[in-house]
Amino acid sequence: MKAIFIEKPGDTQSVSVTEVSEDLLPEGDVLVDVAFSTLNYKDALAITGAAPVVRSFPMVPGIDFSGTVAASAHPDFKPGDRVVLNGWGVGETHWGGLAERARVSGDWLVPLPGAIDLRQAAAIGTAGYTAMLCVLALERHGVTPDQGEIVVSGAAGGVGSVATALLAAKGYEVAAVTGRTSEADYLRGLGASSVIDRAELTGKLRPLAKERWAGGIDVAGSTVLANMLSMMKYRGVVAACGLAAGMDLPASVAPFILRGVTLAGVDSVMCPKPDRLEAWARLASDLDLGKLAEMTVELPFAQVIETSPRFLEGAVRGRIVVPVS
Ligand code: NDP
């Protein structure tokens, strides 16, 4: 089978497109013919080696994929079923989606809702499913459209683009934060009601700033998240899922203890299956597939490796789908 293959015989890793024997696939009770994989921020980290995402070598990267079941010993799946997989350490500790076949635990697979085809499932990918988990986190904490604008950081990226479209579809006003104000038309096209220069959230941090937003979805961490928290309205809620600006959080407790602000963490990798099923069902019902198409570009398998460094420079817009077979 054709695969992207990361090896690390010594101190440095090498990555190539190569033919790998299917016999070497890791253990699992479901064999999947992968139709599409994607390129997420974490995949770019794995492929470039910029961060220690890959925990065992050799590794097939690709933290998500969509495809069709080829063989199954799992009671929930049979050959021909359309499935999607996000996370569970796939592409990090277990061979992932950037190969023609994947062998995984059936417990990790989500049956694809009928409204979503295999390409759309990959276009949504881990970024889109995480965006949905963030929206669900806001809802669970009682955020409703009448409470005010929701701020979304990294809005032109994968999580941010899908979050913007999902929130707009549910009637929220979305303040899209971007370092690329040249993408303002794109963001308004996804449904953003205002576009904010990222510089407004990277300045000197004040414990409390003027109350601006009822909620937030943050992919950046660091000063962006800290400033976002300081600008929340009374009882605002921020769903935090990313670290594009950094792992640190130079914040004060003032928003929490003086405004009752909630910081809700969102993890997609080990997220329990019932939450995944809910997220994918909501993606099927809420996401405007026309907007999904607008934010998606296709990347040939052969160009994944050379494109990965650009991804880390924040030069990629929206979502990248990789046809695998
Ligand atoms: P993308 O690269 O597609 O998007 C990230 C966006 O963040 C960029 O497009 C850019 O948007 C913005 N950005 C880049 N650098 C900075 C910076 N220094 N400060 C502030 N914003 C910045 O990545 P994804 O959308 O796939 O992922 C976003 C983040 O979420 C990543 O950190 C990723 O690891 C994390 N993530 C976490 C998951 C989880 O389970 N918790 C799951 C999926 C992703 P713009 O140009 O518009 O500012």
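Is Leu243 buried or partly exposed, and what is its relative accessible area? Leu243 is partly exposed, at 37%. The legends below go from the surface to the salt bridges.

This is a predicted model, in which local features need pLDDT of at least 70 and side-chain atom pairs count only at pLDDT 80 or more, while totals for chains, interfaces and linings use all residues. Residues are numbered from 1 along each chain as its sequence is written, and side-chain values use heavy atoms, with hydrogens and water left out.

**View 1. Tyr41, Leu243 and Met247 make a nonpolar surface patch.** The patch covers about 320 Å². Patch residues have over 30% relative accessible area and no salt bridge; nonpolar side chains (Val, Leu, Ile, Met, Phe, Trp, Tyr) are joined within 5 Å, like charges within 9 Å. Areas come from the Shrake-Rupley method with a 1.4 Å probe, and for residues only the protein chains shown count as cover. Leu243 sits in the loop between strand E12 (232–240) and helix H6 (254–259). Helices (H or I, at least four residues) and strands (E, at least two) are DSSP runs, numbered from the N terminus.

**View 2. The cysteines form 0 disulfides.** A disulfide is a pair of cysteine sulfur atoms within 2.5 Å. Cys134 is buried at 0% relative accessibility, and Cys271 is buried at 6%. Buried means under 20% relative accessible area, exposed over 50%, and partly exposed in between (1.4 Å probe, protein chains only).

**View 3. Strands E1 and E2 form a hairpin.** E1 (residues 2–7) and E2 (residues 14–19) run antiparallel and are joined by 6 bridges. Two strands pair if DSSP finds at least two bridges between them. Lys2 has Glu19 in E2 as its bridge partner. Between the two strands lie 6 residues.

**View 4. Strand E10 has a covered and an uncovered face.** Ser194 and Ile196 are on the covered face of E10 (residues 194–197). Val195 and Asp197 are on the uncovered one. In a regular strand the side chains alternate between the two faces of the sheet. E10 pairs with E9 (residues 174–178) in the parallel sense, over 4 bridges. Ala176 stands opposite Val195.

**View 5. Asp33 and Arg101 meet in a salt bridge.** The N to O distance is 2.6 Å. Asp33 is in strand E3 (residues 30–38) and Arg101 in strand E6 (residues 101–104), so the pair ties together parts that are 68 residues apart in sequence. A salt bridge is a side-chain nitrogen of Lys or Arg within 4 Å of a carboxyl oxygen of Asp or Glu. Asp33 is partly exposed at 31%, and Arg101 is partly exposed at 21%. The whole structure holds 14 salt bridges.

**View 6. Lys170 forms a salt bridge with Asp286.** Their closest N and O atoms are 3.8 Å apart. Lys170 lies in the loop between helix H3 (158–169) and E9, and Asp286 in helix H7, so the pair ties together parts that are 116 residues apart in sequence. Lys170 is partly exposed at 39%, whereas Asp286 is buried at 12%. Salt bridges that share partners join Glu139, Lys170, Arg282 and Asp286 into one network.
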